[in-house]
Amino acid sequence: MADEAPFVSAIERFGDSLPVGFVAQGTPIRQFVFGGLKGKLRKELLNARNMYRETIVGLKHALAQLGPLQPPPMSFVECIPACDAEYIQFLLSARRLKDGVFIIEVLCGDEDAGMVEGCGSALQAHVPAINVGFIEGNTPIQYHPQSGLPFQEISFKYPLSNGAQADASVKYRVATLKDQAEFVERAEAAAAVDRKKAGGGRRLRMGEFIFDQFASLMIDFNGSGRGLTVEELENLDLDMLDAFTNAMGNYHPPHVDLDVDIVCGQCKRTQRVELPIKRWLDPFVVRMPSGSSPEM
Ligand SMILES: [Zn+2]
């Protein structure tokens, strides 16, 4: 990832505080305290409807305190930015590791992403948690005066019909755990409608999933005081929409760097794998590897 940026150890930089957090009734919510994990977690994970709800349930059990509240109510846990949830899970995993070292075992070429050549050798990497880095967001985090939720302002240029370029900007909320769960649930509901129709497929409607995300998280478009609806996004000039989606693709909130590059001793190929930060949720979170898209 951003190789030119100086290395920042995520744990040394943030310790027991959320990198982004949110604001509740004027109070920044950053500090957290882990409690003891209990067997009830397993039961409630089985009741969770999707991987995002599993994360919410998991963090509800793992956190004894968040900000001033002890224990944090579900509404608080749902407001945790998704990038912060990764940090919490990373830190919790790190504390449960023997000697604080992640051990990653993978076969050369065994990747999620499509067509990958590899020699099949067994690879192993040892990653001390303290050596895991943190990547800053592209633009500073701000907090919405009403909701207290974090957002970033993302600027981009789009082409005009006369060949010139114009500036545009959006204010875009950092997705929370609740946002993620609701994106999937709305997409599931749409897929259920498809199933009911004669001959309807059961595939997730990815177009609706993505446009729903854009519209749900955008809180301002070009200083208009509000974001665009799905319908307005659909009616946007294509070049403008493409410029916007391209800008969104290049943008990221602050996050712990979970990517690990392992070089194969046999074929010298470099393989990128993700730190296994969800092992503490095992054995029930085995449906899909972390970071992959939900299966529908
Ligand atoms: Zn190899």
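Does Asp 99 count as buried or exposed, and with how many C-beta neighbours inside 10 Å? Asp 99 counts as exposed because it has 8 C-beta neighbours inside 10 Å. By the convention used here, a residue is buried if 20 or more other C-beta atoms lie within 10 Å of its own, exposed if 12 or fewer, and partly exposed in between, with C-beta atoms placed from the backbone.

The model is predicted: local features need pLDDT of at least 70, side-chain atom pairs count only at pLDDT 80 or more, and totals for chains, interfaces and linings use all residues. Residues are numbered from 1 along each chain as its sequence is written.

**Overall composition**

The protein chain holds nine helices and 13 strands. These elements are DSSP runs numbered from the N terminus, helices being H or I of at least four residues and strands E of at least two. Of the 296 residues in the protein chain, 25% are buried. Among contacts between residues at least 6 apart in sequence, 62% join residues at least 24 apart; a contact requires C-beta atoms, placed from the backbone, to lie within 7 Å.

An open sheet is formed by three strands in the order 1-2-3, with antiparallel pairing. Strand 1 (17–24) and strand 3 (63–66) stand at the edges with a single partner strand each, so one side of each has no neighbour in the sheet. Neighbouring strands of this sheet are turned by 35° against each other on average, direction ignored. Strand 2 (residues 27–34) is joined to the antiparallel strand 3 by three bridges; two strands pair if DSSP finds at least two bridges between them. Phe 34 has Leu 63 in strand 3 as its bridge partner. Helix 5 (residues 82–96) packs on the sheet, where it touches strand 1 and strand 2, and its direction makes about 135° with that of strand 1. Axes are lines fitted to C-alpha atoms, for helices over the stretch in contact, and angles run from 0 to 180 degrees between N-to-C directions.

**Two hairpins**

Strand 7 (residues 142–143) and strand 8 (residues 150–159) run antiparallel and are joined by two bridges, with Tyr 143 opposite Pro 150. Six residues lie between these strands in the hairpin, including Gly 148, which takes a positive phi near 75°. Strand 8 also pairs with strand 9 (residues 165–173), in the antiparallel sense over nine bridges. Here Glu 153 stands opposite Lys 171. This hairpin has five residues between its strands, and Gly 163 in the turn has a positive phi of about 95°.

**Backbone features in loops**

Most residues other than glycine have a negative phi, and most peptide bonds are trans.

| Residue | Backbone value | Loop |
|---|---|---|
| Asn 222 | positive phi of about 55° | strand 10 (218–221) to helix 8 (230–235) |

Asn 222 counts as exposed because it has 12 C-beta neighbours inside 10 Å. Glu 136, in the loop between strand 6 (134–135) and strand 7, is partly exposed, with 15 other C-beta atoms within 10 Å. Glu 136 and Pro 254 are 118 residues apart in sequence, yet 4.4 Å apart in space, C-alpha to C-alpha.

Definitions and conventions: Two residues are in contact if their C-beta atoms, placed from the backbone, lie within 7 Å.
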